[in-house]
Amino acid sequence: MVSQRIVPILGLLGTAAIIGGAIFLSVSSANNPSDDPWSYIPDHPIHTDHSSLMSGPYETGQDVTAACLTCHEDAANEMVQTVHWTWKSEPVEVAWRDEPVAIGKANTINNFCIGIQGNWARCTSCHVGYGWEDADFDFTNTANVDCLVCHDQSGGYLKTESGLPAEGVDLAAAAQSVGIPTREDCGSCHFNGGGGAGVKHGDLDPSLYFPTENVDVHMGRYDFLCTDCHRTLDHQVAGRAISSSVDNANQVACTDCHQTTLHADERITAHVDTVACQTCHIPAAALRDPTKLEWDWSTAGDPNREEDDHVYLQIKGSFVYGTDYRPEYAWYDGSAQHYILGDLIDPTQPTYMNLPLGDISDPDAKIMPFKVHYATQPYDTVNNILLQPLTSGEGGFWTTFDWDSALELGAQFASIDYSGSYGFAETRMYLPITHMVQPAENALQCTDCHSDNGRFDWEALGYYGDPIEWGGRQR
């Protein structure tokens, strides 16, 4: 057993207060400006009315972009440098692989809709560009940048396959309405990840468009925009998730605004080195809208089963959804080890699509809340690798319901081997829970973790047991 990290009593709250849009607990030096989180919130730019500047008419989204660039000359060049555009990181050195890893939605797989190779047109309906329909999409063509997907304020802008505007969208009205991105802009994609509202993340769903404070104190009580925390410079948006990244660069942290010494009770402050803020202040996710917890692809294709979006769909298989989701907890240093297409698996054991890195002996790791998505998905029984099927479009499983042909076509697009023999293997995917922060009075209390029925599996976290009972040693 490695040396134990001490975790003192959790959740003993001092005098609660809410300052500047987020949780504070009796700040010891409240008059010190450095303790005022409002001082870290960016000023919103003064809105420019575009109704007379974007007269239109516009036949295509590219026409709108061309008009935008007459004034915002650098915007598209900035945009094509971002991961919102490339859907893939620059190569990153990682300890768990010999060569650098460049990873993202563009080239990896998950245990939801699995992967985009061959399925580009359907998957890229949320891309910040126009026309990504195949492997030949030109990522250098700034004319295809979609300005409206992040800046439309009309409420009528909708994208469809290959990221193109839906038929009937009033492009002139959308262009005339533009402003700084709102929750509706960001949420149009991020609240619908994984194939539907609230499906993927658990802490991102349509309830955050106009939440009460008991759904999210930042966005509910204080009307925060996403960009108040996910700050943006030259179109580079701060933040990332381990569902599609491996390192901790460009991350958003609670301590961007909040001091680590803000708790009046020293026993709470002592937790800061080992327990993430989210662990105490986000007791549950999927507070209003259900999120997908399990997905079994092996049952897909049955035309005789009754269909229900939250139970079974012929094209996707069986599901388990839940609300008021209690997180699972793991050590997390901000990075993750990913399954890469072609990696060997042991089909008798669950395959982790993105395992959070860090453990009890890691000084950079903290106990973090996660939604863990459990799935059963196709793999090659001869090569022992996970497979990425062609799901949408011509020859896709959603049309043919033929796994063999869909897996063969998908393997060709993904450039992996397929023996012609397939089965289904268990996988797990971790999604950090960082939204749906609660008011201070709803934070976890001591007995939520330190009790016979507490939340933590102490031994799984590397402890001998509940440290309040045996007394921990500093690492």
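Tutor: At 43% relative accessibility, arginine 267 counts as partly exposed, where buried means under 20% relative accessible area, exposed over 50%, and partly exposed in between (1.4 Å probe, protein chains only). The model is predicted: local features need pLDDT of at least 70, side-chain atom pairs count only at pLDDT 80 or more, and totals for chains, interfaces and linings use all residues. Residues are numbered from 1 along each chain as its sequence is written, and side-chain values use heavy atoms, with hydrogens and water left out.

Student: With which residue do the side chains of arginine 267 meet in a salt bridge?

Tutor: A salt bridge is a side-chain nitrogen of Lys or Arg within 4 Å of a carboxyl oxygen of Asp or Glu. For arginine 267 the N to O distance is 2.9 Å.

Student: Is arginine 183 buried or exposed?

Tutor: Arginine 183 forms a salt bridge with aspartate 223 (3.3 Å, N to O). Arginine 183 belongs to helix H7 (residues 183-190) and aspartate 223 to the loop between helix H8 (217-220) and helix H9 (226-229), so this pair links parts that are 40 residues apart in sequence. Aspartate 223 is exposed at 51%. Arginine 183, at 5% relative accessibility, is buried.

Student: How many disulfides does the structure hold?

Tutor: A disulfide is counted as a pair of cysteine sulfur atoms within 2.5 Å. For cysteine 113, the closest cysteine sulfur is in cysteine 123, 6.7 Å away and therefore too far for a bond. Cysteine 123 is partly exposed, at 27%. The number of disulfides is zero.

Student: Which residues gather in a patch of negative charge on the surface?

Tutor: Patches are made of residues with over 30% relative accessible area and no salt bridge, with like charges joined within 9 Å and nonpolar side chains (Val, Leu, Ile, Met, Phe, Trp, Tyr) within 5 Å. Glutamate 306 is exposed at 73% and is placed in the loop between strand E5 (291-296) and strand E6 (312-313). The patch comprises Glu306, Glu307, Asp308 and Asp309.

Student: What is the phi of tryptophan 87?

Tutor: Tryptophan 87 lies in the loop between H3 and H4. At 9% relative accessibility, tryptophan 87 is buried. Although tryptophan 87 is not a glycine, its phi is positive, at about 55°.

Student: Which residues are joined by a cis peptide bond?

Tutor: The bond has an omega of about 0°. Its proline lies in the loop between strand E2 (22-25) and helix H1 (61-69). The residues joined are glycine 56 and proline 57.

Key. Areas by Shrake-Rupley, 256 points an atom, 1.4 Å probe, with all protein chains shown as cover. Lys, Arg positive; Asp, Glu negative; His and termini not counted. Charge placed at Lys NZ, Arg CZ, Asp CG, Glu CD. Helix = DSSP H or I, 4+ residues; strand = E, 2+ residues; numbered from the N terminus.
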